[in-house]
Amino acid sequence: MTDPVAASHNRHGKWPRIWRAFRKHKGAMIGGGILMFIILGVLLGDLLWATDPQALDIRNKNMRPLYTLLWDTDAKVGWAHPLGTDSLGRDALANLIVGGRTSLAVGAVAMCIALLVGTTVGILAGLFRWLDGPLMRLTDLVLALPILPLLLLVATLFRAPLRAQFGPEAGMFVLIVTVIGLTSWMQTARIVRSEILHLKEQDFILAARSIGTRPFALIWRHLLPNTLSPILVSATLGLATAIITESALSFLGFGFPPDFPTWGKMLADSVQRMDQYPERVILPGAAISLTVLSVNYLGDGLRDAFDPRSHRRSRN
Amino acid sequence: MKLSSTLLSLGTVCFFASTATAERGSDGHVKILFWQAPSTLNPFQSGGAKDNEAASLVLEPLGRYDPNGALVPYLAQHIPTVANGGVANDLTSITWTLKPDLMWSDGTPVTSEDVKFSADYCMHPDAGCSQLAKFDGVETVEIIDAYTVKVNFAAPRPNPYGPFMGGQSPILQKAQFQDCLGARAIECVAQNFAPIGTGPFTVKEFRPNDVISFEANPNYRDATKPAFETLTLKGGGDATAAGRAVLETGEFDYAWNLQLAPDVLAKMADVGIGKPIAAFGTTVERLEMNLTDPNPDLDKNIRATREAPHPFLTDMNVRKALSMAIDRSLLVEIGYGPTGRPTCNLVPGPAYYASDNTACLTQDIAGANRLLDAAGWVRGTDGVRTKDGQRLSILFQTSTNNVRQEFQALIKHWWNELGVETELRNINASIYFGADANSPDTFQKFYADVAMHANNYDGTDPQTYLAMYRCGNEPKPSRQWQGENINRFCDPAYDTLIDTLSQTSDLETRYDLAKRMNDMLTKDSYVVVPLIDRGRVSAHANSLGGVLMNSWDSELWNIADWHRIE
């Protein structure tokens, strides 16, 4: 009887082995590459493409992306705006770059908050019987809360103080990530709890306990590594949900100021003229989908890499 | 200008009259599409404009409003005024005289009994009449003779044209409805679905919330009208489908109320078989300047009340410069197309109430900059103007709506060129217009420096609308933040004019007073900065002639004159 994680733990070094396993996962490598590209693109893109995303250029409004030329040689296009402009002449590429920065930041931070809360609640509830009832009822309670009225309330109560503290944009950022994070940890908590309940009965945990491992070490060294795969899966889903929720909030007017682009808001603003200018929906939509998809694949690959069982299979 | 347009419209009417075929029913069938289906043909029981418009094919009032908002006699011989003795000098009564020899569509004569009955029907305490407001202040309706009725008011009424005027207050046939008084009004389904009227058409078949078939009224007072033998009014669908049916596929001749984005509508109109028509009423999209300080650090009983004057919007030069920087034509082009037109007036119509205030229509950013320079607002190192340590930094809020957010972006852009810093905010419409005294985000609370939204008034008389800006009528904590004077405007001279207006009956004087009050709020003070006069849009096939879009009465007000053109 061996502890499946602990056995392959020390001699070769854990991380090189995980990296080797990860590299074998094609989807994860491609996903990681795309995600890297997107992150670098939104972070450094404005160094290459220095157009001001908020600059209005009414004469060049409603321009189409360059690729429209492939099927419509009369389309209104121009090299100054390779992905076209919106109805006020704002450059689509610059907006995608700047908007992506916000969307990714919101998604990542909100996801981290949700993961942190969800995992903590899940582990505590799974491990300690006396905490299980109260914590799971709390989870049910938060699950049952209607999100939108809650958001209205939170926005009403905290918008002014946060705005005074951090300024209109940063204040809204804090508000949005907190609200999204604190309303989307419940799935993670439930999944982690069920995984812990299952692991708790396994022999290696019994063994670890019998040699007197303290609860914290038990969690850190034995339980957490083995619950990594469901946590990673819910992390990828959480990132996607956070980006989408942010766009819904912006759409309702509780999000960022209207002149502060995010992918979600670009999408919501363009729905009306979807049939005339499909690219205005497709471009931010594709950006969101690609991000979410690549994070999903990345998570998939990471889970496989972390999971020693799938390892052994791949080694055989 | 005004004379020439009157002459022009007279000319148009003559033209239509001469081209219209001189025989009733010679133009066959006409098809009208209402994307909200009518559910009754009795305006007194109606749920809204769709019912009143459909009913106007059959039922007629004593007088209607024409597209300019002027009063036109229908069943009455003429419009009663103080000058012709129809309205009492003390403004407590109005006397209407019916045209002689009027017939209901069943061949019986129309008499003053029917007029009085219509008032009794609506004013019955158990009737739940939807148009009761039209009879506001009416004490009695007396029959003078078979063709004359006198409406007595409890108090002097400078605008006595509530009862029996316009599509919402038609005349019902007493013989048909006399058993339908009071609580039984709603039970008279047969009558409500097929009222006997005096209008150009009669009901052949009514299928509620679906289709109504009409036939030409054989007893209509003009023997040559209507030009159409039969009429179908189809209900249901949505505005987009209705627009397509008239402008793209030609299945229908007329589509009502097309609330569509301008480019969507323009694309449909490009097909070339029909055209959208707009009529302008009283809805004005405007910027509201807050004359009080919305600073969140202030005590909540003082914040945004007149006890805390605004730090810089109280400077008229700033308000004027903000208005001068705006290119209203561009806003119309982007947001409304043919359904909007630039305006500088709070009261954009009816024409005789509209001030000739057009100075704001030309954008003048250089001039606005000079104005701010002269007023002592100096640009700082960050480009934002300051004076005595006060930065020109504006929080600009509106409701969440695509068009409004585009407007915000444009206006921010222009204000930046003035050296004014703008922070934009948009608020969910149901909260912004929700009037909840506990929410900080309502338009009444006005916790912002500038707000953008639209407002309008009902009918053709702006008295109550202008009276909203009375000093003391502003939202404030002691009134649970209710009130219409949301700019917190306060001018004793203006209040005096409100009182004068409410005691004046002479129409010319009323027009002048209303224009002066409009100017005091707009071009003299820039407290209200009007942007766009928003209209209502319908569409008709190119083969349909005689359509005169009307926003003051039923759109089908002159259906008797509609005809087929090649």
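In chain A, what share of the contacts between residues at least 6 apart in sequence join residues at least 24 apart? The answer is 73%, where a contact means that the C-beta atoms of two residues, placed from the backbone, lie within 7 Å. A word on the model before the views: it is predicted, with local features needing pLDDT of at least 70 and side-chain atom pairs counted only at pLDDT 80 or more, while totals for chains, interfaces and linings use all residues. Residues are numbered from 1 along each chain as its sequence is written, and chains are lettered from A and ligands numbered from 1 in the order in which they are written.

**View 1. Chain A is built from 13 helices and 0 strands.** Helices here are DSSP runs of H or I with at least four residues and strands are runs of E with at least two, both numbered from the N terminus. The C-alpha trace of chain A spans about 75 × 50 × 30 Å along its principal axes.

**View 2. Chain A meets chain B.** The contact draws 17 residues from chain A and 23 residues from chain B. On the chain A side, helix 6 (residues 147-166) gives the most, with 3 residues. Sorted by class, that side has 10 nonpolar, 5 polar and 2 charged residues. For the classes, Ala, Val, Leu, Ile, Met, Phe, Trp, Tyr, Cys and Pro count as nonpolar, Asp, Glu, Lys and Arg as charged, and the others, Gly among them, as polar.

**View 3. Chain B splits into domain 1 (21-273 + 542-564) and domain 2 (281-381 + 450-535).** These bounds come from an automatic or database domain assignment. Taken over C-alpha atoms, the two domain centres sit 35 Å apart. Domain 1 of chain B puts 12 residues into the contact and domain 2 of chain B puts in 16. Helix 7 (residues 262-269) of chain B supplies the largest share of the domain 1 side, 3 residues. That side of domain 1 of chain B holds 8 nonpolar, 4 polar and no charged residues.

**View 4. An open antiparallel sheet of 3 strands in chain B runs in the order 4-6-5.** Strands pair when DSSP finds at least two bridges between them. Strand 4 (93-97) and strand 5 (138-145) of chain B are the edges, each with a single partner strand, so one side of each has no neighbour in the sheet. On average, neighbouring strands are turned by 20° against each other, direction ignored. Between strand 4 and strand 6 (residues 148-153) of chain B there are 5 bridges, and Trp96(B) has Val149(B) of strand 6 as its bridge partner. Helix 3 (residues 112-123) of chain B packs on this sheet, touching strand 4, strand 5 and strand 6, and makes about 165° with the direction of strand 5. Axes are lines fitted to C-alpha atoms, for helices over the stretch in contact, with angles from 0 to 180 degrees between N-to-C directions.

**View 5. Gly237(B) lies in the loop between strand 9 (230-235) and helix 6 (239-247) of chain B.** Gly237(B) counts as partly exposed because it has 17 C-beta neighbours inside 10 Å. Leaving out residues up to four places away in sequence, Gly237(B) touches Trp35(B) and Ala242(B).

Key. Buried ≥ 20, exposed ≤ 12 C-beta atoms within 10 Å, placed from the backbone.
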